[in-house]
Amino acid sequence: MEIIKKPYATVTGDRDTRTVTLRWTDYTPSADYRETLTVARDAVKKYSFIHWLADLRNMTAILQADEKWTVEEWFPSLAEAGLKRMAILTSRDFFNQMSVDRIMQDAAPVIGFQVAYFDDEPKARTWLMEEELLAELMA
C-alpha cells in the first residue's frame with residue numbers, strides 16, 4: 001500500500017510481511033524530511049509493522065539540525081512503536097553516509113531493535129524476514 005509519495009521520497013507498507021519501506025530519491029528539505037519520517041513512523045504504529053527497509057541509495061546530505069531531531073525525537077519514538085528490525089540500503093553519497101553514521105552512533109542507546117546495512121535490496125529483505133522464517137521452522 002502506498003502511504004505517502006513525494007518528489008523526494010516514497011513510503012509504502014506491506015501488511016503481509018509487516019514491512020514499511022521508505023525510499024529517498026533526492027535531497028529533501030528539512031520540513032519534508034521530518035514529515036516523511038513522521039508519517040512512516042506513524043504507519044509502523046497504525047499497521048503494527050515490525051520491519052523497516054530504509055533505501056538511502058539516492059539520498060543526499062542531511063542537515064545537522066535534522067540529524068539532531070532524528071536522534072533526539074524521531075528514533076526514541078520509533079523505538080517505542082514496536083519495530084524489531086531495520087535494514088538500511090546505504091547511500092551512494094559520501095555526505096549522507098557521514099550523516100547516517102553520526103545519527104546511528106548517537107541514537108544507538110535508544111534504538112531497541114536490530115539494524116543492519118546492505119547494498120543489495122533482496123539481501124536486505126531476506127535479513128528482515130529471517131527471524132520470522134526461523135520461528136516458523138521451529139514451530
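The lining of the largest cavity comprises, by class, 16 nonpolar residues, 1 polar residue and no charged residues, where Ala, Val, Leu, Ile, Met, Phe, Trp, Tyr, Cys and Pro count as nonpolar, Asp, Glu, Lys and Arg as charged, and the others, Gly among them, as polar. The model is predicted, and local features accordingly need pLDDT of at least 70 and side-chain atom pairs count only at pLDDT 80 or more, whereas totals for chains, interfaces and linings use all residues. Residues are numbered from 1 along each chain as its sequence is written, and side-chain values use heavy atoms, with hydrogens and water left out.

Rolling a probe the size of a water molecule over the atoms shows where empty space is left. A cavity is here a set of points, on a 1 Å grid over the protein atoms alone, where a 1.4 Å probe fits but cannot get out, and its lining residues have an atom within 4 Å of a point; grid points are joined across faces, edges and corners, and a volume is the space filled by probe spheres set on the points. The structure holds 2 cavities of 30 Å³ or more, and the largest has a volume of about 190 Å³. Of the 17 residues that line this largest cavity, Tyr33, Leu37, Leu56, Trp74 and Phe75 are the closest to its centre. At least two lining residues each come from strand S3 (19-24), helix H1 (30-47), strand S4 (51-55), helix H2 (64-80), strand S5 (85-89) and helix H3 (94-107), the elements being DSSP runs numbered from the N terminus (helices H or I, at least four residues; strands E, at least two).

The second largest cavity has a volume of about 40 Å³ and is lined by Tyr27, Thr28, Tyr33, Met59, Ala61, Ile62, Leu63 and Asp66; by class, this lining has 6 nonpolar, 1 polar and 1 charged residues. Asp66 lies in helix H2 and, at 1% relative accessibility, counts as buried (under 20% relative accessible area, with exposed meaning over 50% and partly exposed in between; 1.4 Å probe, protein chains only). The side chain of Asp66 makes a polar contact with that of Arg34 at 2.7 Å (a pair of N or O atoms within 3.5 Å, of which, within protein, one must be able to donate a hydrogen and the other to accept it, residues adjacent in sequence counting only if both atoms are side-chain atoms). When residues up to four places away in sequence are not counted, Asp66 touches Ser30, Tyr33 and Arg34, contact meaning heavy atoms within 4.5 Å.

Leaving aside neighbours within four places in sequence, Phe75 is in contact with Thr70, Met86, Ile103, Met104, Ala107, Val110, Ile111 and Phe113. Pro76, also in helix H2, is partly exposed with a relative accessible area of 23%.

Most residues other than glycine have a negative phi. Arg18, in the loop between S2 and S3, has a positive phi near 55°, and Ser48, in the loop between H1 and S4, has a positive phi of about 55°.

Notes
1 Å grid on protein atoms, 1.4 Å probe; cavity = no way out; pocket = protein on both sides within 12 Å on 5 of 7 lines; lining within 4 Å.
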